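Thanks for coming. I will go through one structure today, beginning with a pair of strands and ending with the protein as a whole. Please look at the model while I talk.

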Amino acid sequence: MSNFVKNYIEMQQVTLSGKTEWLIHIIFWVLAAYLTFIGNPFQASFSVPDLFIITYLVTFIITFYFHYLMVMNRVFKVFSWQKLVAGIFITFLFFTACRWLAEQYFTDILFGRTNYTNPNLLNYLVDNLSYSSKPIIYSSFLWFVIYFIRLMEYNHQILEENKNTEIRFLKAQINPHFVFNTLNNIYSMVYFQSDKSLPAIEKLSHIMRFTTYDAQKEKILLSDEVNYIKAYIELEQFRHEDDAFVVFDQQILNEKIEIPPYILSPLVENAMKHGIASNTNPILITLHSDHEMLSFKVENGIGTQKKDKLGGIGLDNLQKRLDIHYPKSHTLTISKNDNRFTAALQIDLK
């Protein structure tokens, strides 16, 4: 039971605003009044309540919130059955004392009336056992309802936080992997004094700006991801003798589509890393998207010395991130046919 309540203070701070909580209280009292006094609103009749009905209602409400605000919160901060029994007993004594003051003291002074005629203490306490049970039960019930609402919101926040933490971790794996490969390429260019060194550094600078700023967002424009892929291809092109080793066909009908960063580029990275490419056997990249569907396909040739399956940190993470962002609304198909490797991704945007 202690595990059941140990996070209650933290939940109070991060879930269910005070305004929302009191709105639940108002709804509760409206329903309670309807069930107690009205029943059938079409046959309802209204009359001035008896003096002692009024005093009982006042005592009921005071006891209700004494138990709700004072007793329940203290009992469940560090729960024990002894504290629960003691809390209920204290509320019972509180109700009995309030009712005695209201009906035996104040009404006698103000109206010359008392509800009990010279009751002895034991009989008065026994008689109020039943009267006090309702505010205690109702107050406890509402407290537990609000507690479970807080608990569900808190669990939802924990799940979201865990998901976001996993996404940040996966991104942190992708970025160093790409930078490591690119820096190796640029190092070779500089070592051999290639005139492509400075343009390559400029492209890397552009990509690092994307990695540092845009990639930290939850979602980016599809065009931003496409520009990142094009910059990646141009960097890879610096180390290829053939100028047309990649053919990129894109048709974007909706410019406002947003996707998580690094959701398409791992497929291109895989083709660059594990495929063979030339003017006569280029890597084929096809991107089609509209308001309802995004289709992305990468085809590349496979040499005998190349792997014929997905590999690399980035592509392993791609499947995990797709499962997080697009559960049951995406398909990632990997196939090999006649020394051609194809990775096809479809995402349902609806």
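**Strands, rings and one buried asparagine**

Strand β4 (residues 283–289) and strand β5 (residues 293–301) run antiparallel and are joined by six bridges. Two strands count as paired if DSSP finds at least two bridges between them. The strands themselves (E, at least two residues) and the helices (H or I, at least four) are DSSP runs, numbered from the N terminus.

Before I go on, this is a predicted model: local features need pLDDT of at least 70, side-chain atom pairs count only at pLDDT 80 or more, and totals for chains, interfaces and linings use all residues. Residues are numbered from 1 along each chain as its sequence is written, and side-chain values use heavy atoms, with hydrogens and water left out.

Back to the strands. A hairpin of three residues connects β4 to β5, and T286 stands opposite K297 in β5. β5 also pairs with strand β7 (residues 340–348), again in the antiparallel sense, over nine bridges. There, F296 has L345 in β7 as its bridge partner. In a regular strand the side chains alternate between the two faces of the sheet.

Now the rings. How many aromatic pairs does the structure hold? The count is 24. Rings of Phe, Tyr and Trp (its six-membered ring) pair if their centres lie within 6.5 Å; planes under 30 degrees apart are stacked, over 60 edge-to-face, and the rest tilted. F89 and F92 make a tilted pair, 6.3 Å centre to centre with 40 degrees between the planes. These two, F89 and F92, are three residues apart in helix α5 (residues 81–111), so about one helical turn separates them.

Is F92 buried or exposed? Buried means under 20% relative accessible area, exposed over 50%, and partly exposed in between, with a 1.4 Å probe and protein chains only. F92 is buried at 9%, while F89 is partly exposed at 48%. Another pair, Y116 and Y124, is edge-to-face, with 5.0 Å between centres and 75 degrees between planes. Y116 is buried at 17%, and Y124 is buried at 4%.

Ring pairs also link a cluster, whose members include W22, W29, F95 and Y131. R99 lies over the face of Y131, 4.2 Å from the ring centre. For that label, CZ of Arg or NZ of Lys must be within 6 Å of the ring centre and within 35 degrees of the ring normal.

That brings me to N128, in helix α6 (residues 121–191). N128 is buried, with a relative accessible area of 0%. Leaving aside residues up to four places away in sequence, N128 touches F92, F95, T96, R99 and Y116; a contact means heavy atoms within 4.5 Å. N128 and R99 are 29 residues apart along the chain, yet their C-alpha atoms are separated by 8.9 Å.

On to the record. An unreviewed UniProt entry lists residues 21–39, 51–72 and 84–102 as "transmembrane region". Its positions are given in the numbering used here, feature names are shortened, and annotations may be inferred rather than shown by experiment. In the model, residues 51–72 are 100% helix and 0% strand, with end C-alpha atoms 30 Å apart. Residues 84–102 are also 100% helix and 0% strand, and there the end C-alpha atoms are 27 Å apart.

Finally, the whole protein. The secondary structure comes to 10 helices and seven strands, and buried residues make up 39% of the 350 residues.
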